[in-house]
There are 4 protein chains.
Amino acid sequence: MIRAGIVGGTGYTGVELLRILALHQEVDVAVVTSRADAGVRVDAVYPSLRGYVDAVFTAPDVEALAACDVVFFATPNGTAMLMAEQLLARGVKVIDLSADFRLQDAKEWSQWYGMEHACPDLIGEAVYGLPEVNREGIKTARLIACPGCYPTSVQLGFLPLLEQGLIDADHLIADVKSGVSGAGRKAELATLMSECGESFKAYAVPGHRHLPEIRQGLHAATGKPVGLTFVPHLTPMIRGIHATLYGRLQADVQDLQALYEQRYRNEVFVDVLPNGAHADTRSVRGSNRCQIAIHQPQGGNTVVVLSVIDNLVKGASGQAVQNMNLMFGLEEDLGLRTVALYP
Amino acid sequence: MIRAGIVGGTGYTGVELLRILALHQEVDVAVVTSRADAGVRVDAVYPSLRGYVDAVFTAPDVEALAACDVVFFATPNGTAMLMAEQLLARGVKVIDLSADFRLQDAKEWSQWYGMEHACPDLIGEAVYGLPEVNREGIKTARLIACPGCYPTSVQLGFLPLLEQGLIDADHLIADVKSGVSGAGRKAELATLMSECGESFKAYAVPGHRHLPEIRQGLHAATGKPVGLTFVPHLTPMIRGIHATLYGRLQADVQDLQALYEQRYRNEVFVDVLPNGAHADTRSVRGSNRCQIAIHQPQGGNTVVVLSVIDNLVKGASGQAVQNMNLMFGLEEDLGLRTVALYP
Amino acid sequence: MIRAGIVGGTGYTGVELLRILALHQEVDVAVVTSRADAGVRVDAVYPSLRGYVDAVFTAPDVEALAACDVVFFATPNGTAMLMAEQLLARGVKVIDLSADFRLQDAKEWSQWYGMEHACPDLIGEAVYGLPEVNREGIKTARLIACPGCYPTSVQLGFLPLLEQGLIDADHLIADVKSGVSGAGRKAELATLMSECGESFKAYAVPGHRHLPEIRQGLHAATGKPVGLTFVPHLTPMIRGIHATLYGRLQADVQDLQALYEQRYRNEVFVDVLPNGAHADTRSVRGSNRCQIAIHQPQGGNTVVVLSVIDNLVKGASGQAVQNMNLMFGLEEDLGLRTVALYP
Amino acid sequence: MIRAGIVGGTGYTGVELLRILALHQEVDVAVVTSRADAGVRVDAVYPSLRGYVDAVFTAPDVEALAACDVVFFATPNGTAMLMAEQLLARGVKVIDLSADFRLQDAKEWSQWYGMEHACPDLIGEAVYGLPEVNREGIKTARLIACPGCYPTSVQLGFLPLLEQGLIDADHLIADVKSGVSGAGRKAELATLMSECGESFKAYAVPGHRHLPEIRQGLHAATGKPVGLTFVPHLTPMIRGIHATLYGRLQADVQDLQALYEQRYRNEVFVDVLPNGAHADTRSVRGSNRCQIAIHQPQGGNTVVVLSVIDNLVKGASGQAVQNMNLMFGLEEDLGLRTVALYP
């Protein structure tokens, strides 16, 4: 059994890790930390876990975590970078669900995240945990930077086109809609149901932290810097991300549908929908799947890609477990074979 | 492997059966019928099932169903009673999720359901599929009448009090709130999101079909006819039932909490919450669990029981699979060990 | 023109007062206070008010408020009682939307609200602002204690029965469901959309602060102390309260429908629905109306009353304006003639 | 008083017309037709209108409608074109909220709407009822084609840029999100709360009927055919449209904010938000206002316009009344001075 630790077990990505790992046959969750709830039973905070998780929140403690085989950071940005080095030195694998190791450029990271990076030397070692791109690197990595939720949906949607150089990479548009759980489990006005229910809005149009992360990934795919307009929106639902992606075709493409099917034919968690379909976030809710549909409206030269994920699963905790499976030589979908909850 | 058939696979209880059975290690879904969608792949209608269900809807056909070990009826009322006899005669076990065999009195059934019963002789043989009451009968039954969603939540909430004769059975009140999926997957004005979203209402206050079913179950528990006021409400959410139950204590009760814990201590799917807790439908969403909390407000003689289930799981398809497990000698929770989807 | 001040203009009852008063032809909103937002334009916080409210939030200041004809307190509990005396002394009428003056017993108030009352001498003078009960007293009052949202819906629903002594007042049950805006505009975990959306729960079953307020009002109606079980529930919608009220008939009642129609025939804001109807919160959303339906299920002796209001209008700010109209000799429904927003 | 008739009073645009006109001081609603509900009181179907609308649905009858000064068609497509000619001949002004007269090209209309146009001769006379573009034409028109909901939000958002030739008109993108009431009050699977609640999806990506309408309007603004990719999305809320518009700047623009403020400075129903703001559908819910925000992310050459309306008000019935006011020489905002319902 793999001994796992979770730092920051009270946020939504933390409790989602617990939901998944509680039923994972090769994992034993040994430590779950929470500064605020130290000493409290996990299932007292989350009654859904009664009978499945028999643990008590503890204050974060390197010694206890060092006894684990793997530690997940489900923490706010800026925490993992303070503890990762110590854990790695003790032979613990680290999977960071926060943004601390996502950007390869420490200076750019500082600009977007508003703080100095605490261990810039580790950035180079971190593997960006998008298995559909970096599977081999993940298998041997000690430190994984789990992709953000928006970046997962946007990259999986754009990759086949960019890898083949089929669209104008200077003028990409990603219009993305997220459920409110993406904002995390923090007491904030903006995500009160009275504020965000029955309403829809864009936010952070001048610049969102996931912009440089997406650009970095798309740059890698296409081999040159990309021009991207990224507009995130807050949607009155709890789970789900729907990316609507626009690119201008610059080559004569025979069959976009076949291109996508070919690119993802061996991917257990990327599902290319049939020709003409529309993706729907409900069909991936609670699952680790990304579903993608491709359109070329009115036969024009604009391609429209629809890419949906559950932000807490493929966009966070499920993808983290997928990475863990790869790192420990397990089947990639172990513990992740679930059907979306519909309706 | 158990060969299972599902009649009426396009409704919410049908697709929920598919979600559960697709991952059930002892079951192979051999037949899924749908008159309207015959010839269509199941996963074309439900993209959430892509990769998990490799079946095509067929028109209902007794021969094909007779080759199954068990057939689930996830049909509107009035269908199972037309086919059950033939299937039983062919050695097929039948689990009916509709109301056809729930009432022991055929005449009362006709009054509430507005049609003659097609096979009143079978009613006596049908076992009411509430395992927490009828476990032994279920194990040997050929024909199961799965309880309704409201009746499941109300009976599990009231049973400990009534079995011990602790409350006045003449004046029970069940104020119950259901998510809209309880109304089924039918194109109807009343359950359009524009009609039932952001709104709350009671309905069928003069009399709801689940009233006689609940009365019958409570009668059996307490040994005499009960007086029950049952008010169902439509709640702007998709899944979940919350029963708020009121009874007047007629005896000096030492410890209601202990009473409930004792009654359900061996029940894998009934979870008595700690003293002082409030039940929340989110904590059972997608799971087969009933969570119960007991209160005695202001120390008065009115007991308030809060009982929550997911109407499509413990209130329908999950309970049906729980019954199937019992009928086939499997572990009662096989295929049903899932954690609720929170948030 | 009446010069009005609003203390606490940033909460939901404050902004709802602004919405109503902005279009009230006899009122000029002269002062809107907010400690947190002092110096900020009101319409910068609430873009819905652009073009309708040309004001800037100011820090609360008695001098500025004393220049008003009427001051509304849309503040947390404990604020109005600190300022009311000074304002009254300056000839300003005070309408308190918080709970400070609702309970006639200062000691009971302290127990439920967890603080000493700052001006118990004023309690006796305060008129409970339920016009359907205290219209004449309101007209001449200097200080109004606006009823709570739950108490408004429950009292209007029970009054006709209790005033006539038709039900057993020792065993009343009020099962009440509220939209989440009733919890106010505060950054809190419990009312995040991810927490309360798609879920339903009871809360405060052991005792809610509105319990003594309701008891006091029902006591007054029936002339003796009442026994009431009050269970509030959090409903996944923004606006609306639905009270489901249960009472046991103790007399032979000829016609409950006629009783209610008679009781409220002159009430512009209480609408008794036709026989057999069910009330729906959507039909009063945004309006100052209470709609009521009466049922006697299965012809038994339990009467079920359904009473719906918009918690922010008839349950708070609309009722406050209704009180103001009465205090200033205006038509009772001035500024309140609006049709509910459906769908 | 203007005598008004409403054909198709039971749909959402019909009942929204009734909500607005019930309080319009210059209008008397004389006729409300509904084939299905003929003979039924309007307020029996819509309890929100009790006390405000004292009318009975009648079967559509040209004689009765001909006695009106103005007739609104709140009907499915294909109805107004059958009756408009007769009414115009009798001197009745006609305001069509359906699509019958929106496209100037009858052949294109037939292709998109799947039927022959019944009175192509009238198309030329119909004035497209977007007052911000065609105010003078509207004032003298006999027949108004009210814009669709999507087209209203998209055109108002793009107009200032296109009228000045500032963006590349060959590659416009409109990513638009609509609440479910836009689908109308029809019993359909797709808009059941269980289907569209807690989910998000694009639809009609290959081609939506509003595409030619938007193209026609933008063509008129910029003087040449435009290239537009239009992707509509279904959003889990009831009311509201949020258009996110993308254009590539082709000129050096000094100040987009000033451009928009200048263009709409005399428009009572178009509100340009302050620099840096984000528009939110909740701030226009129930109001006839379009709120617009302009962004140029990261200082690049892509302009992003956020444009929000209430699809049933500015996107349908409110705009229809705005047109009526203009046609009858009334103040443009008479009956439409309402503040959005927040929260």
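Start by selecting C:Arg19 and C:Glu16: about one helical turn separates them, because they sit three residues apart in helix α1 (residues 12-21) of chain C. Helices (H or I, at least four residues) and strands (E, at least two) are DSSP runs, numbered from the N terminus. C:Arg19 and C:Glu16 form a salt bridge, with 2.8 Å between the closest N and O atoms. A salt bridge here is a side-chain nitrogen of Lys or Arg within 4 Å of a carboxyl oxygen of Asp or Glu. Over all chains, a search of the whole structure finds 84 salt bridges.

Before moving on, a word about what is on your screen. This is a predicted model, where local features need pLDDT of at least 70, side-chain atom pairs count only at pLDDT 80 or more, and totals for chains, interfaces and linings use all residues. Residues are numbered from 1 along each chain as its sequence is written, chains are lettered from A and ligands numbered from 1 in the order in which they are written, and side-chain values use heavy atoms, leaving out hydrogens and water.

**Next, the sheet in chain D**

Show chain D as a cartoon and look for an open sheet of seven strands, ordered β8-β9-β7-β10-β13-β12-β11, with mixed pairing. Two strands pair if DSSP finds at least two bridges between them. At the edges are β8 (201-202) and β11 (270-272) of chain D, each pairing on one side only.

Now select residues 172-179 and 228-235 of chain D: these are β7 and β9, which pair in the parallel sense over eight bridges. Which residue in β9(D) is the bridge partner of D:Leu172? Look for D:Leu228. Helix α10 (residues 210-222) of chain D packs on the sheet and touches β7 and β9 of chain D; contact means heavy atoms within 4.5 Å.

**Last stop: where chain D meets chain B**

Show both chains; 20 residues from chain D and 20 residues from chain B take part in the contact. About 1,600 Å² is buried between chain D and chain B, 67% of it from carbon and sulfur atoms. Buried area is the accessible area (1.4 Å probe) that two parts lose on being put together, summed over both.

The count between chain D and chain B is two salt bridges. Select B:Arg185 and D:Glu195 to see a salt bridge whose closest N and O atoms are 3.4 Å apart. Finish on helix α9 (residues 193-196) of chain D, which gives four residues, the largest share of the side of chain D that touches chain B.

Conventions. Axes fitted to C-alpha atoms, helices over the stretch in contact; angles between N-to-C directions.
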